[in-house]
Amino acid sequence: MLNKFKLTTEMIPKGDQDKAIKSLTNNIKKNINQQVLLGATGTGKTFTIANVIQNIQQNTLVMVHNKTLAAQLYSEFKDLFKENHVEYFVSYFDFYQPEAYIPRSDTYIEKSAMVNDEIEMLRLSTINSLASNKPTIVVASVAAIYASVAPSDFEMYRIVLSKNTERNLKQLQYDLVRLLYERNNIELKPGTFRLKGDVLEIAPGYTDAFTIRVSFLGNTIEDITLIDSLTAEVKEHWDTYVIVPASEYIMNKDRWNESMKRIKNEMEERVKYFKSQNKLLEAQRIEERTKHDIESLQELGYCNGIENYSRHLELRKENSTPYTLFNYFKKNDWLMVIDECHMTIPQIRGMYNTDRSRKQTLVDYGFRLPSALDNRPLNFQEFNDKLNNVIYVSATPNDYEIEKSNHNVVEQIARPTGLIDPVIEIHPAKYQVDDLVEELVKQIKKKEKTFVNVLTIKMAENLTDYLKKQKIKVMYMHNELKTLERAQIINDLRRGKYDVIVGINLLREGLDVPEVSLVAIFDADKPGFFRSDKALIQTFGRAARNEHGRVILYADKTTEAMKTAIAETERRRNYQIAYNKKHHITPKTIIKPIREDISSKQDAKAIEAYFLHKNKVDTKKTTKAINIIRKEMLQAAKQQEYERAAYLRDMLIEMEGDQKHAKIED
């Protein structure tokens, strides 16, 4: 791996990219540490950021608001920086039901989770790359603001192996166990080791691509080699190699006795408090639970919900800021890129309060000690305090980001493809249904597709029924439909099964369908989030992938939100037209391959069976479909196709939920 960032691509900056790259880079060099990249859809914002990273040569954290988008960006950056460390850091839970208590029904919900081993391995790889001071780009979800291992602990629990040095082989095995490695002489998988004579083989916890073979002559390390896990070929010889912990979470056993003492003292204080309030049930509950956890910790080194004792295990002060991924970046020498900031920032802002509210209830009713409140995500002030150089990226940044950047807004409006923002028309709302039918007839004749955006599920269903009676191939899509159904509806539109999709919120990331040339928005003059200027601009963007893009706003009056959205779209449109004229570009509709719902005809039959029996689940056929999808998901994760793996994971959770619900009803 290189010791500096290097773009490995034949692409060159086009459109507004060159201007944006220079502006962003120069601002950072001038110590303007907060700025906004206002990039229209399809202008290549990721490529722009990649060039900035190469220019400033700083470790970079790219944060987004969901796993799917993170996976997409991870793939893109990995392709652009083939010779550098590009890491992926998201929640390692495929499924997570947090511990909770509902007082009104006296219902306690125990924590339930399904850990994804592949993602856990990637998280460890992220920490290792940063701790090793290698040039690193990390693509992360908002999971990055949750607690992680302290850098001092991670660095302390490392083993440095050097060729031609003395090392007691027996002690080395103890040291590996201390780093949470397990001895396994049968299967050498990540986080294990085995000994054959004088040869010690170690599978690092952060990768399944290679193992480390350490050859001894007596107590002297004779050779250190890197072995390909698949072919068993020797890839490299090392003079020195550093073995890092097998897991992201490792506890400093030197603090163990003090930690146990602190937990016990807090328990006694809490029992005393509850008894003083005559809350005898709560006192009994917290005493029994904590004593059980202490016993498990002392005997096994682990207990269920161990993370709730993190403050004591790390000997931190009450209300102190937890260690997170941010602690692995040098304080004044790294770049934060917040993508889709109009969505990511509000999510970060709300996570602390949501987590606090749930845990406070557990504390109040004796399920957890008050110190559990210190196992938490960063609050918004702490998050901001961690930042150094920040680029907020969005097609529609909020006022917060613009003001935070002191109005240092770098625009990237021109699309290299030449595609122009859609034409906006306003039609009377009084006759919106009849007018829509006329427009759809024209669209169908041109063999172009349409999105219709309405405000309620009832309206979506009623309009869909009416359009079907008009012999129009239509389907509705709203948030009560499952992932599997939504994805199939979009693909069916592109294949020609439908000409129209009626939806409530068609603003989802990744909903880029180049066949759609018309977006019709009902009740555009109604107040609310989905008719705000930024929401309208996002919705307009659904028609920006087609050379004939057009938007119809059905409204009886022109609201301020409509005026702002139309004016901004018109400004971007005129800008692109002038750019195209200057560079002799003729815009052409983007050609985008249709991603198959699943990978084979056999799979397609299984999924079709699921749809046919979704109202009354056929257990045998659904089980077959579930097994196929699980196999596909694991294969996608192994091939690092994380976007597809996340997509399949969502399918799997939904189908298993349906099957479980059906069994309960039976």
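A salt bridge is a side-chain nitrogen of Lys or Arg within 4 Å of a carboxyl oxygen of Asp or Glu. The exercises below apply this and related terms to a predicted model, in which local features need pLDDT of at least 70 and side-chain atom pairs count only at pLDDT 80 or more, while totals for chains, interfaces and linings use all residues. Residues are numbered from 1 along each chain as its sequence is written, and side-chain values use heavy atoms, with hydrogens and water left out.

**Exercise 1. The chain as a whole**

Task: State how many helices and strands the chain has, and what percentage of its residues count as buried.

Solution. Step 1: Helices (H or I, at least four residues) and strands (E, at least two) are taken as DSSP runs, numbered from the N terminus. On this basis the chain has 20 helices and 25 strands.

Step 1: Buried means under 20% relative accessible area, exposed over 50%, and partly exposed in between (1.4 Å probe, protein chains only). Of the 666 residues, 54% count as buried.

Step 2: Contact means heavy atoms within 4.5 Å. Among contacts in the chain with a separation of 6 or more, 75% come from residues 24 or more positions apart.

**Exercise 2. Salt bridges and their surroundings**

Task: Determine whether the partners R194 and E201 are buried or exposed.

Solution. Step 1: R194 pairs with E201 in a salt bridge whose closest N and O atoms are 2.9 Å apart.

Step 1: R194 has a relative accessible area of 16% and is therefore buried. E201, at 9%, is buried as well.

Step 2: For another pair, K82 and D79 meet through their side chains at 3.3 Å, N to O. D79 has a relative accessible area of 45% and is partly exposed.

Step 3: The search of the whole structure finds 32 salt bridges. E99, R289, D293 and R368 are linked in a network of such bridges.

**Exercise 3. T569 in helix 17**

Task: Describe the setting of T569, which lies in helix 17.

Solution. Step 1: T569 is buried, with a relative accessible area of 4%.

Step 1: Its side chain reaches the backbone oxygen of A565 at 2.8 Å.

Step 2: With neighbours within four places in sequence left aside, T569 is in contact with D421, P422, I424 and F540.

**Exercise 4. Positive phi values**

Task: Locate D106 and L180 in the chain and state the phi value of each.

Solution. Step 1: Most residues other than glycine have a negative phi, and most peptide bonds are trans.

Step 1: D106, which is not a glycine, has a positive phi of about 50°. D106 is placed in the loop between strand 5 (100-102) and strand 6 (107-109), and at 53% relative accessibility D106 counts as exposed.

Step 2: L180 has a positive phi near 75°. The loop that holds L180 runs between helix 6 (169-178) and strand 10 (182-183), and L180 is partly exposed, with a relative accessible area of 40%.

How values were computed
Polar contact = N/O pair within 3.5 Å; in protein donor to acceptor, adjacent residues only side chain to side chain.
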